[in-house]
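Subject: Structure handover

Hello,

Here is the structure we talked about. Please open it beside this email and follow along.

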Amino acid sequence: MTGLSIPIHVETQGRDPRSDVPTFLLVHGYGASSFSWRTWLPSLAERGHVVVVDLKGFGAAPKPDDGAYAPADQAELLCRLIRQRGLQRITLAGHSLGGGICLLSALRLLEAHPGTLQRLVVVSGAAYAQRLPPFVWFAHHRRLGTGLMRVLGARWVVRWVLRGIVFDPSRVTRAQVEGYAEPLANRAARRALVDTALQILPTDLDAVTARYPNLRIPTLLLWGRQDPVVPLGVGQKLASDLPDAELVVLDRCGHLPAEELPGESLAALMYFLDRTEPHLSVQGEPGAKG
């Protein structure tokens with residue numbers, strides 16, 4: 001369903017929200033939707049209350065032609081959702097652009113609503129100024145981006161993008177292509193894709209990154225060692241800037257850890273959640289560090 005007066009699409013799974021039940025709020029990346037989280041959802045739903053978001057302009061969310069598609073606009077909508085639903089004990093997880101939006105949201109929450117955010121998970125997250133990947137660069141040029149999508153079709157473009165961002169292109173499936181392409185098949189979705197690309201780098205990014213050391217909450221940084229979109233160096237820098245962060249690196253993995261290595265990525269997530277849950281100690285650790 002769509003939150004009241006909030007132009008995003010929200011679906012929930014798992015346990016009913018209560019003060020003693022953790023909430024997992026999942027935020028997808030650029031051009032994606034809640035489809036991105038399908039491999040993690042069953043395990044998280046067993047553990048707590050799961051809130052899966054389609055950001056404004058993506059998936060099943062409304063796509064208003066208002067030009068407000070900057071990361072800060074999306075972060076404000078997430079914070080409004082959290083306030084409206086009274087969510088507590090939140091683990092905020094974001095992939096790619098969604099990781100950057102989660103960082104912005106976390107900074108806002110820690111200032112305006114301290115105590116609501118318990119943990120942060122950033123998966124291959126956009127966190128600093130960097131070179132735009134090809135699929136964002138094309139969309140950054142409105143006529144070129146919309147023209148390619150219209151002429152070649154969403155499925156062809158999505159297949160090209162997916163094969164270019166994973167470690168092993170031969171493992172991209174028809175179901176993946178269909179899952180990502182279906183929400184992009186209409187004009188409003190293509191416009192929102194371009195509007196997002198045009199605003200994808202925050203104008204105050206230096207001021208935002210300077211505040212990362214204020215995020216004194218347990219944080220998991222999960223990266224593919226061969227990520228061609230948001231290089232591992234971004235995760236390493238973020239690990240040095242965040243006071244309570246651990247970086248887990250998955251070998252033979254590109255930009256989609258939850259899909260390329262669903263078992264390994266989920267194990268790293270569950271270990272982190274177990275280790276950071278109050279009054280719980282865990283022996284052993286999955287994944288490679290650093």
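Below is what was found in it, from the whole chain down to single pairs.

**Ground rules**

This is a predicted model, so local features need pLDDT of at least 70 and side-chain atom pairs count only at pLDDT 80 or more, while totals for chains, interfaces and linings use all residues. Residues are numbered from 1 along each chain as its sequence is written, and side-chain values use heavy atoms, with hydrogens and water left out.

**The whole chain**

The chain has 12 helices and eight strands. These are DSSP runs, numbered from the N terminus: helices are H or I with at least four residues, strands are E with at least two. Of the 290 residues, 56% are buried. Buried means under 20% relative accessible area, exposed means over 50%, and partly exposed is in between (1.4 Å probe, protein chains only).

The accessible surface is about 12,500 Å². Carbon and sulfur atoms hold 53% of that surface. Areas come from the Shrake-Rupley method with a 1.4 Å probe; for residues, only the protein chains shown count as cover.

Now the contacts (heavy atoms within 4.5 Å). Take those in the chain with a separation of 6 or more: 78% join residues 24 or more positions apart.

**The cores**

In soluble globular proteins, nonpolar side chains tend to be buried together. A nonpolar core is a set of buried Ala, Val, Leu, Ile, Met, Phe, Trp, Tyr and Cys residues joined through side-chain atoms within 4.5 Å. The largest one here has 65 residues. V53, L120, Y212 and L238 have the most contacts inside it. Helix 3 gives the largest share of this core, eight residues. Another core lies apart from it, with 25 residues, including V121, L220, M270 and L273.

Look at Y212 next. Leaving aside neighbours within four places in sequence, Y212 touches L103, L107, A127, Y128, L238, D241, L242 and P243.

Helix 10 covers residues 232-241. Its buried residues are L232, V234, G235 and L238.

Helix 7 covers residues 174-181, with Q176, V177, G179, Y180 and A181 buried. Its buried residues pack against helix 6 (154-165) and helix 11 (257-260).

T196 sits in helix 8 (residues 187-198). Is T196 buried or exposed? T196 counts as buried, because its relative accessibility is 2%. Beyond neighbours within four places in sequence, T196 is in contact with Y30, F58, Y69 and L97. T196 and G67 are 129 residues apart along the chain, yet their C-alpha atoms are separated by 8.4 Å.

**Salt bridges**

Side chains of opposite charge can pair when their charged atoms come close. A salt bridge here is a side-chain nitrogen of Lys or Arg within 4 Å of a carboxyl oxygen of Asp or Glu. The structure holds 15 of them.

- E76 pairs with R108, with the closest N and O atoms 2.7 Å apart. The pair links distant parts of the chain: E76 is in helix 2 (residues 71-85) and R108 is in helix 3, 32 residues apart. E76 is partly exposed, at 28% relative accessible area. R108 is also partly exposed, at 31%.
- E277 pairs with R119 at 3.0 Å, N to O. E277 is in the loop between helix 12 (262-276) and strand 8 (288-289), while R119 is in strand 5, 158 residues apart. Both E277 and R119 are buried.
- K237 pairs with D241, with the closest N and O atoms 3.7 Å apart. Both lie in helix 10, four residues apart, about one turn of the helix. K237 is partly exposed at 41% relative accessibility, and D241 is partly exposed at 21%.

There is also a salt-bridge network, which links D65, R191 and D195.

Best wishes
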